[in-house]
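Please read them with the model open.

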Amino acid sequence: MYLARVTGRVVATTAYEGLSGVPLQWIQPLDEDGAAMGEQLVACTAIDSGPGDLVHFVDGREAALALEETFVPVDVTIIGYVEQAAVGGRDLAEGSA
Amino acid sequence: MFLADVVGTVVSPVQIPILDAKKLLVLRPVTPTGERTAKTRIGIDTIGAGTGDRVLVIDEGNSSRQILGAPDAPVKTLIVGFVDSVELGGETVYDSSAGQS
Amino acid sequence: MLIGKIVGSVVSTQKDEKLVDRKLLVVQIHDHKNAPKDQYVVAVDSVGAGAGDMVLYASGSSARQTTLTDGRPCDAVVMAIVDSWDVGGDNVYEKWNEG
């Protein structure tokens, strides 16, 4: 499970059965300093997240288990909205990374 | 499993139900000698850990679901123990009682 | 998931029998700014995608979570055809604007 910032949205009307209506969003994984960690990924979201939000996500097969339909080919899913992430006296949720 | 330092806390008021009332912590994976390594993780606390603690982390779904007793939970990263000391090649490279961090 | 463009397909007459009748697509990975990378992956199609389509693919054991790939030796599956996306408030890709 990792921290990330939602950076955008993806529209895909043709998707594997069971994934219609599941929002797809670009996320930038972040390290403990709030700096970009690796490449941006496309995630499904299991919560009501949107661009600009700080979130946490799960990868691998577990990503599918977070969705309503769990037998789906999904490897990244946002599972929580982060209101505050306090690291070294700093809140990573404040301002943009 | 790997070693990590707890470096922060996460407040997540909106998340999947299985995580409700679970404490989430920011984890810095470290080598046995304490150098930063690998990607920053968010872990579910099961032992009452806090910032500054060196902990043992499991980052695999089946093991985590076993520990939480939740067979379908989308979880992977769990803090499962406090690290008291680490020995490397016969030498103690970390000892929590010695006040290292 | 990662985004990529379908730039080709693979024909393989001698392959594991569990892969018979599976369409194998060559996907060139693009980043969030739509810049193509020098990285390619061969993925099984699950949505009827074809050459030129911008697609999303899933990797690892997640790729086996379709009726076409369940229990089969597959580690990448095309699971959506992308219509458009935006990043940082800017519209980056629009299917209908592509040549």
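1. Chain A has 26 residues in contact with 27 residues of chain C (contact: C-beta atoms, placed from the backbone, within 7 Å). On the side of chain A that touches chain C, the elements giving two or more residues are β1 (2-11), β2 (14-15), β4 (41-45) and α1 (62-65) of chain A. The most come from β1(A), with 5 residues. By type, that side of chain A holds 16 nonpolar, 6 polar and 4 charged residues (nonpolar: Ala, Val, Leu, Ile, Met, Phe, Trp, Tyr, Cys and Pro; charged: Asp, Glu, Lys and Arg; polar: the others, Gly among them).

2. This is a predicted model, in which local features need pLDDT of at least 70, side-chain atom pairs count only at pLDDT 80 or more, and totals for chains, interfaces and linings use all residues. Residues are numbered from 1 along each chain as its sequence is written, while chains are lettered from A and ligands numbered from 1 in the order in which they are written.

3. β2(A) and strand β5 (residues 76-81) of chain C run antiparallel, joined by 2 bridges (strands are DSSP runs of E, at least two residues; helices are runs of H or I, at least four; both are numbered from the N terminus). Across this pairing, C:Ile81 in β5(C) lies opposite A:Thr14.

4. Strand β7 (residues 84-87) of chain A pairs antiparallel with strand β1 (residues 2-11) of chain B over 4 bridges (pairing: at least two DSSP bridges). Here A:Ala86 is opposite B:Thr9.

5. β7(A) also pairs antiparallel with strand β8 (residues 90-91) of chain A, over 2 bridges. A:Asp91 in β8(A) is the bridge partner of A:Ala86. The hairpin of β7(A) and β8(A) has 2 residues between the strands, and A:Gly88 takes a positive phi near 55°.

Conventions. Contact = placed C-beta atoms within 7 Å.
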